[in-house]
Amino acid sequence: MPHARRSQPQASEDTASSLAILEGRLGYRLEPALLVRALTHRSYAYENGGLPTNERLEFLGDSVLGLVVTDTLYRRHPDLAEGQLAKLRAAVVQARALAEVARGLDLGAFVRLGRGEEGTGGRNKASILADTLEAVIGAVYLDQGLDAADELVHRLFDPVIERSSNLGAGLDWKTSLQELSAAEGLGVPEYVITESGPDHEKTFTAAARVGGETYGTGTGRSKKEAEQQAAETAWRAIRSAIDGRDGTATAGGAPVA
């Protein structure tokens with residue numbers, strides 16, 4: 001029995017220390033029980049007697065995120081039509097973009113998962129990371145108010161908004177690469193996929209080829225994620241080559257000092 005009494009405070013101290021690390025990355029101190037709930041995946045809740053899950057907070061955070069992103073896009077792009085704004089917002093708040101932001105916080109290390117999800121690589125799953133990030137945003141909103149949630153979303157998502165604004169009409173990198181390669185007469189992009197790692201934690205690598213030439217590669221936890229990264233790298237490489245060519249043409253072929 002004495003061992004049980006000693007282990008309980010240690011577990012509590014470990015949890016508090018872990019939460020403090022995450023709060024440092026978020027920039028806000030939150031009510032502990034609220035933050036713990038935001039990190040509680042349903043798999044953990046069900047395995048531990050039906051604890052509250054983070055799903056209600058996720059629902060709330062999704063709306064807060066959507067509001068802040070929509071307001072930002074509306075103000076930054078006064079000339080864009082409603083349909084274009086909607087596509088741009090969708091590109092910013094899609095699960096893959098949210099998971100990328102969550103990985104930047106190493107959020108997966110703090111999620112409370114059930115044994116099943118833990119064993120199948122749940123800490124790296126884009127869907128779990130995206131949902132947890134939304135729940136954390138919801139928790140910040142409840143505990144600190146809209147101004148704090150607005151500041152957090154801007155700090156985490158402004159780089160995503162900036163990148164998405166450069167995507168073009170398709171608002172995803174594969175579509176944008178296809179549009180660019182078609183405009184330049186380079187042919188239709190193709191993706192060569194390789195995979196590595198155990199079944200529960202596979203890593204996919206994609207090479208984006210256009211006209212038989214590889215312009216970019218990318219890696220991810222899914223084929224789609226790897227292809228999007230490869231397409232982004234390829235798009236930037238081709239765009240850079242076009243800009244360099246156009247710059248030379250504008251200069252009349254004169255050497256640049």
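Figure 1. Lys 223 lies in helix α11, which covers residues 223-250, in what is a predicted model. With a relative accessibility of 45%, Lys 223 counts as partly exposed. Once neighbours within four places in sequence are set aside, Lys 223 is in contact with Ile 193, Glu 195 and Phe 204. The C-alpha atom of Lys 223 is separated by 9.0 Å from that of Thr 194, although the two residues are 29 apart along the chain.

**Figure 2. Gly 220 in strand β3.** Gly 220 is found in strand β3, formed by residues 213-220, and it counts as buried because its relative accessibility of 11% falls under the 20% limit. Leaving out neighbours within four places in sequence, the residues in contact with Gly 220 are Lys 202, Thr 203, Phe 204, Glu 225 and Ala 226. Between the C-alpha atoms of Gly 220 and Glu 195, which are 25 residues apart along the chain, the separation is 9.7 Å.

Figure 3. Leu 133, with neighbours within four places in sequence left aside, is in contact with Leu 98, Val 101, Ala 102, Leu 105, Leu 107, Leu 156 and Phe 157.

Figure 4. Asp 106 is placed in the loop between α6 and α7, and its phi is near 55°, a positive value in a residue other than glycine. Most residues other than glycine have a negative phi. The side chains of Asp 106 and Arg 25 meet in a salt bridge, with an N to O distance of 4.0 Å. This pair links distant parts of the chain, since Arg 25 belongs to helix α1 and the two residues are 81 apart. Asp 106 is partly exposed at a relative accessible area of 41%, and Arg 25 is partly exposed at 37%.

**Figure 5. Two further salt bridges between helices.** A search of the whole structure finds 14 salt bridges. In one of them, Asp 158 is joined to Arg 76, with the closest N and O atoms 3.3 Å apart; because Asp 158 lies in helix α9 and Arg 76 in helix α4, the pair ties together parts that are 82 residues apart in sequence. Asp 158 has a relative accessible area of 23% and is partly exposed, while Arg 76 counts as partly exposed at 40% relative accessibility. Glu 227 forms a salt bridge with Lys 174, the closest N and O atoms being 2.7 Å apart, and this pair connects helix α11 with helix α10 (residues 173-183) across 53 residues. Glu 227 counts as buried at 16% relative accessibility, whereas Lys 174 counts as partly exposed at 28%.

**Figure 6. A nonpolar patch on the surface.** Leu 67, Tyr 141, Leu 142 and Leu 146 form a nonpolar patch on the surface, with about 360 Å² of accessible area together. Leu 146 has its place in helix α9 and is partly exposed, with a relative accessible area of 38%.

Note on methods: Residues numbered from 1 in each chain as written. Predicted model: local features only at pLDDT ≥ 70, side-chain atom pairs only at ≥ 80, totals over all residues. Heavy atoms only, no water. Helix = DSSP H or I, 4+ residues; strand = E, 2+ residues; numbered from the N terminus. Buried < 20%, exposed > 50% of the residue type's maximum accessible area, 1.4 Å probe, protein only. Contact = heavy atoms within 4.5 Å. Patch = residues over 30% accessible without salt bridge, like charges linked within 9 Å, V, L, I, M, F, W, Y side chains within 5 Å. Areas by Shrake-Rupley, 256 points an atom, 1.4 Å probe, with all protein chains shown as cover.
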